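Student: Can you walk me through this one? I have the sequence and the model open.

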Amino acid sequence: MSDELDRLQRQLERATASECSTDGSLDAETASLREGWVALGELLEAAEPSREQPLELREPLKPGRRTGRKVAGIVALAASLLVGVTLAGKWIRANRPGRPATRSDASLAEIVQADGEQFNPDAGQLETASLADWVDWDDPLDQQIASVAQEVVRIQQDWDQVDGAFGPLYSGLEEMAEELDESPL
Amino acid sequence: MTTDFAPCRNKPWPSALKTIGETPLRRRADQNDRFATWAREHGGAVRGYLMAMVRRPDVADDLAQEVFCRAWQARGRYREQGNARAYLLRIADRLVCDRRRKAGRELTLDEEAWKQIEPVSRAAEPSGAPIQAEAADRLAAALDRLSPVQRRVLLLRYYGELSFGEIAQIIDCPLNTALSHCRRGLIAMRKLLVESPL
């Protein structure tokens, strides 16, 4: 078996050798295989004659370790940029111009307590009317909006007072209408 | 008072420089020289093998670049064993097999199905070469008659001039199987190209 393998290997090595032996030493079977090999070689040479031309490498070969470092640097740069943008956004939101400057919590508590003492439900006063007392607007437009809101609240309070004054008159007229309806005149 | 570092400090400068400078820089220069030699001596064979296997010049060029890129990336593991062409053709063969596997193609496609899926590109061929184009057509028709393994064995033998033992290693089969594929392929080529030319 091993002899057969060696014989086949030698036969194929001779049949497919690059140097063509023309001394007629090939047996018939090997010569037949050689014909197929030569025909294939001629066809390959005709179809692609650039067999021995050197290959031009398109891009410089770079070591993979350097590429890894570059990727790591890009990732670190992107991460630091993300952190920076996030911190800057928070700082801008915290210091945005036009935000109402409120008083401290201690003074706010005092005002709420004082308003609670002055609050009289019978007089029809609304707690919301004191809103402008403890909120200072540093934007003129916001200040105007607050003034308009105060006027609306005041008008609402006046209307409630007028409505309260006419209430007994309305109830008296309704009683008179009921008596007239019930009387058998 | 003498410290442990005294012998190193007292080392003569030329000797110290020689020790420092010989290892990485010299090795890098050797690797660059080796790759320049490989591209010059084996680039054409690698590209020819790839061209015969994929039959598209643009794909063959890309794969040839990839072969040398892979070889460069693995240069630290490469051990000189005397046949760089076999090493490069092994990478090329694996790239071709991977490409076909990724594309989901079966290797038992007949000629018409193969041409429908991946027609031979004429765009990248040099103009004014009708004889070459005709030879390419005949070659494609002849190679299509071979089984994929027969094709690999014959083309590795032709372009790489590899021994059959090296070819058996590349295609991952026993030596007698590689020899059998070669013999059958040669018989098929003779019938196709000599007895009844296309």
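**Where the chains meet**

Tutor: In this predicted model, 39 residues of chain B are in contact with 30 residues of chain A (C-beta atoms, placed from the backbone, within 7 Å). Local features need pLDDT of at least 70, side-chain atom pairs count only at pLDDT 80 or more, and totals for chains, interfaces and linings use all residues. Residues are numbered from 1 along each chain as its sequence is written, with chains lettered from A and ligands numbered from 1 in the order in which they are written.

Student: Which element gives the largest share of chain B's side?

Tutor: H3(B), with 11 residues. Helices here are DSSP runs of H or I, at least four residues, numbered from the N terminus.

Student: And how many of that side's residues are nonpolar, polar and charged?

Tutor: There are 25 nonpolar, 7 polar and 7 charged. Ala, Val, Leu, Ile, Met, Phe, Trp, Tyr, Cys and Pro count as nonpolar, Asp, Glu, Lys and Arg as charged, and the others, Gly among them, as polar.

Student: New topic. At what angle do H8(B) and H10(B) cross?

Tutor: Roughly 90°, and their axes, lines fitted to C-alpha atoms over the stretch in contact, come within 8 Å. The two helices are therefore roughly perpendicular (65 to 115 degrees, on a scale from 0 to 180 between N-to-C directions).

Student: Which residues make that contact?

Tutor: Among them are B:Val153 and B:Leu154 of H8(B), and B:His181 and B:Cys182 of H10(B).

Student: What about H5(B), which residues are buried?

Tutor: They include B:Tyr87, B:Leu88 and B:Asp93 (buried: 20 or more other C-beta atoms, placed from the backbone, within 10 Å of a residue's own).

How values were computed
Two residues are in contact if their C-beta atoms, placed from the backbone, lie within 7 Å. Angles under 35 degrees count as roughly parallel, over 145 as roughly antiparallel, 65 to 115 as roughly perpendicular and the rest as oblique. A residue is buried if 20 or more other C-beta atoms lie within 10 Å of its own, exposed if 12 or fewer, and partly exposed in between; C-beta atoms are placed from the backbone.
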